[in-house]
Each structure stands twice: as structure tokens, then as C-alpha cells.
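Welcome! Take a moment to look over the sequence and the 3D view, and then let us walk through them together.

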Amino acid sequence: CVACNKVAKGLHPDVHVLMPTTNDAKHEDVSERLQLLAQDPYTTVDFQKRPSLDGSVKYTNKQINYSINRVHAELLRVMSYHKVEGKYRIGIVLDADLMRREGANAFLKLLEEPGKNTVFILLTNRVDHMMATILSRCQQLRFESLSIQEIAKGLSARGLGDSMAVETLARMADGSLSKAIELASSDDLPAMREQVLDFLRTSYKGNGMDTVSMVDQLSRMGRESVKFQLQVMTGILRDLFLMTVSGNTDLIVNIDQLETLTKFSENLSEAR
């Protein structure tokens with residue numbers, strides 16, 4: 001129907017979508033990100049993982065949040081308007097856990113008395129960061145992680161990699177198609193995995209000076225880059241532990257590195 005098409009394109013006047021931003025974010029930039037999200041709900045558009053849409057800025061240390069001014073201007077005021085076309089006014093708040101306390105308290109008053117035919121949908125993957133008073137007024141719906149097969153199918157449909165790459169990315173994504181697409185689009189992933197393997201080789205050889213040098217090199221990278229590197233490292237360590245303890249490769253994440261992992265495992269037969 002016409003309403004469905006407008007919602008899908010992000011054009012319905014009664015459906016309002018908010019996303020957390022940096023304090024200096026421009027309105028045009030936010031609008032463009034929301035349009036991209038309407039085109040593909042699994043694309044990465046948040047300011048934390050994608051500081052600039054053109055890729056000119058890879059990592060940022062800027063805080064991403066909802067200021068109280070934005071909550072008032074783009075949520076409280078907008079949701080007080082009369083409906084234009086539909087039966088309901090709908091407010092969708094992305095990463096709702098990033099709402100600052102003063103903004104969350106202001107929003108709480110609206111949530112307690114939302115007005116007739118008003119619906120709020122708060123999205124978060126960190127429920128423990130939400131205010132208890134807000135959670136107590138919400139019906140919680142949990143979404144299960146996607147299977148490896150479903151993620152691989154989503155990647156293949158987008159033409160992101162050959163069968164081996166798709167299989168590996170699907171395993172690394174931890175149940176999230178968005179994360180899998182993000183990994184597939186990363187130019188840094190292959191080099192980072194090789195860095196991690198070099199670091200582990202150096203560490204297990206007990207070469208102190210080389211290890212210190214590699215740590216020093218890592219410490220100069222941006223915070224998000226270091227976090228990404230640590231995620232890759234813990235994934236490889238998990239694979240090594242599984243192989244060493246059970247010898248089972250069915251649950252290996254870095255499946256395309258099976259030969260390298262097998263050699264590691266053989267040399268670490270007593271490792272815990």
C-alpha cells in the first residue's frame with residue numbers, strides 16, 4: 001500500500017526515526033544516513049563505526065549520544081504534532097541506550113503519558129545500559145541471532161566475496177548480518193588478521209623485545225581500531241582453544257585459516 005511504501009522509503013510523515021550523533025553532526029549528514037538505512041536496514045550508518053559516509057574518516061574518538069536539546073527538538077516536540085496520514089504517530093529510536101540521563105528523564109515523562117495512538121520503538125543491544133524506569137514501561141522483544149547459513153545467504157545476495165570468504169565472514173559475524181557486511185567492506189581485516197597471527201607467534205616464542213615493539217605499534221592506532229584488533233585476536237584464540245581441546249573444526253570461526261591454526265594447535269598441545 002502507499003503507506004507501506006512511504007515507510008519503507010523513510011518518507012512517511014507520521015514515522016520519525018532518530019539516531020545518536022556527534023555534537024557537530026550536520027542535519028544533511030543525518031538525513032543521508034537515514035535514507036541509506038531505509039534502502040538497506042543492514043547497512044552501517046552509525047557515526048561510531050562510520051564517522052564519514054565517504055570513508056575519509058575511519059575512526060573517531062568523538063562521543064556519540066542523544067543530547068537533551070535533540071531529545072526536545074526531534075522527539076518530544078515532533079511527537080506532539082497531530083497525525084498527518086496514519087492512525088498512529090511512531091517514534092523509532094536507534095541505539096536508545098546512548099540517550100543521556102537528562103534526555104532520558106525528559107523522554108520518560110512522554111513515555112508515561114504518550115498521548116493517544118502514539119507508539120515508541122526503542123532499539124538497543126545493550127539493555128543493561130538503559131534506565132530501569134524506561135525499561136519498566138516497555139514491552140521487551142528479543143531478536144535471536146541469525147544462523148551462519150542465513151548470513152552467508154545475505155552476503156552472497158549482495159555479491160560480497162566468494163564462497164570461502166562468505167563462509168568465513170558469516171562465522172566471524174556472531175549472528176549479525178550488519179557486522180558481516182561491515183567486515184566484508186573492511187580493507188583492514190586481512191592485514192589485521194596477519195598482524196594478530198604474527199603477534200601470537202612472537203608471543204609464544206617468548207621474544208620479549210619484539211613483542212614490546214608490536215604492542216607499541218598497536219598502541220598508536222585509534223581506539224576503535226585497537227578494539228577491532230582485539231576482537232580478531234580473541235576470535236583466533238577461541239579457535240585455537242577449541243582445536244587444541246577437542247580437535248573439532250566444525251565450530252571454527254576463521255575457517256579459511258584452518259591450515260595455519262592446525263600448525264599452531266600442534267605446537268601448543270599442552271596450552272590452556
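Met172 sits in helix H7; helices here are DSSP runs of H or I with at least four residues, strands are runs of E with at least two, and both are numbered from the N terminus. Is Met172 buried or exposed? Met172 has a relative accessible area of 15% and is therefore buried, where buried means under 20%, exposed over 50% and partly exposed in between, with a 1.4 Å probe and protein chains only.

Leaving out residues up to four places away in sequence, Met172 touches Lys179, Leu183, Leu189, Arg193, Val253 and Asn254 (contact means heavy atoms within 4.5 Å). One of these partners, Leu183, is 11 residues from Met172 in sequence, with 8.4 Å between their C-alpha atoms.

## About the model

This is a predicted model, in which local features need pLDDT of at least 70 and side-chain atom pairs count only at pLDDT 80 or more, while totals for chains, interfaces and linings use all residues. Residues are numbered from 1 along each chain as its sequence is written, and side-chain values use heavy atoms, with hydrogens and water left out.

## The second largest pocket

A pocket is an open set of points on a 1 Å grid over the protein atoms alone, where a 1.4 Å probe fits, with protein on both sides within 12 Å along at least five of seven lines; lining residues have an atom within 4 Å of a point. The space in this second largest pocket is about 420 Å³, a volume being the space filled by probe spheres set on the points, which are joined across faces, edges and corners.

Which element gives the most to the lining of the second largest pocket? H11 does, with 6 residues. The elements that give two or more residues to this lining are H6 (148-157), H7 (163-172), H8 (177-184) and H11 (223-246). By type, the lining holds 11 nonpolar, 6 polar and 5 charged residues; Ala, Val, Leu, Ile, Met, Phe, Trp, Tyr, Cys and Pro count as nonpolar, Asp, Glu, Lys and Arg as charged, and the others, Gly among them, as polar.

The largest nonpolar core has 31 residues, and Ile151, Leu155, Leu189 and Ile236 touch the most other members. Such a core is a set of buried Ala, Val, Leu, Ile, Met, Phe, Trp, Tyr and Cys residues joined through side-chain atoms within 4.5 Å. H6, H7, H8, H9 (189-205), H11 and H12 (258-267) each give two or more residues to this core. Another core lies apart from it, with 27 residues, including Ile64 and Phe107.

## Two faces of H12

In H12, the buried residues are Leu261, Phe264 and Ser265. Seen down the axis of H12, these fall within an arc of 100 degrees, so they line one face of the helix; the arc is that of the directions from the helix axis to the C-beta atoms. H9 and H11 are among what covers them, while Glu259, Glu266 and Asn267 are exposed on the other side of H12.

## The whole protein

The protein has 12 helices and 3 strands. Of its 272 residues, 35% count as buried.
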